Amino acid sequence: PRERRTLSYVLAKPVDGVPVEKVTQRIQRDTGLGAFTGEEFGWKTIRWVLKNTGIGINFGTTIFLGFIVGMAIAGQTFYLFTVENLRQFGALKAMGASTFALARMILLQAFTVGLTGYGIGIGLATLFGFLTARTGGLPFVETWQLLVLVLAALLTICSASAFISIVKLARLEPGIV
């Protein structure tokens, strides 16, 4: 049948001293077919998978839900920390501590816990990658841009969750506690 004779791609290696880009340009010019370097072919494959399969939407949904759940859990944790320690915060306010000073304490705790968790999480993910890889390299992409993006998301979650606690703290009257 015709399907069996259809050629998907041909692997070629240039002669020593000839740049790969020149070879791909020549193949495209002479044959009218697509010719790609290894990296171009890899990105072409990734774009095809993201465009023609649901994997991009699945990962996006998973990341979005993880962000929402993480934010809810962090917010609830810091809110409970504030509610459980209202007496101590009230006592500190009665002794003259400003709301700004107490808010800085909450922010310090939020960022300390968040950055500690970030370090542990990135470290464990990288260790898992190295332990499960067969070639000695990471089986997934872990670029500095991705790490900065995750750090920015983490700092956003920490800030939002600390803000919820700070609002509760700002409304606290020391005499009531």
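The lining of the largest pocket splits by class into 13 nonpolar, six polar and one charged residues. Here Ala, Val, Leu, Ile, Met, Phe, Trp, Tyr, Cys and Pro count as nonpolar, Asp, Glu, Lys and Arg as charged, and the others, Gly among them, as polar. The model is predicted: local features need pLDDT of at least 70, side-chain atom pairs count only at pLDDT 80 or more, and totals for chains, interfaces and linings use all residues. Residues are numbered from 1 along each chain as its sequence is written, and side-chain values use heavy atoms, without hydrogens and water.

This largest pocket is lined by 20 residues; Tyr 9, Val 10, Gly 34, Ala 35 and Phe 36 lie nearest its centre. A pocket is an open set of points on a 1 Å grid over the protein atoms alone, where a 1.4 Å probe fits, with protein on both sides within 12 Å along at least five of seven lines; lining residues have an atom within 4 Å of a point. Helix H1 (20-31) gives the most to the lining, with five residues. Helices are DSSP runs (H or I, at least four residues), numbered from the N terminus.

Now the second largest pocket. Its lining has 23 residues, with Tyr 118, Gly 121, Ile 122, Val 150 and Leu 154 nearest the centre. H5 provides the largest share, eight residues. By class, the lining has 18 nonpolar, four polar and one charged residues.

H5 (residues 99-132) also meets H3 (residues 55-84): their axes, lines fitted to C-alpha atoms over the stretch in contact, come within 12 Å and cross at roughly 140°, on a scale from 0 to 180 degrees between N-to-C directions.

Notes: Helices (H or I, at least four residues) and strands (E, at least two) are DSSP runs, numbered from the N terminus.
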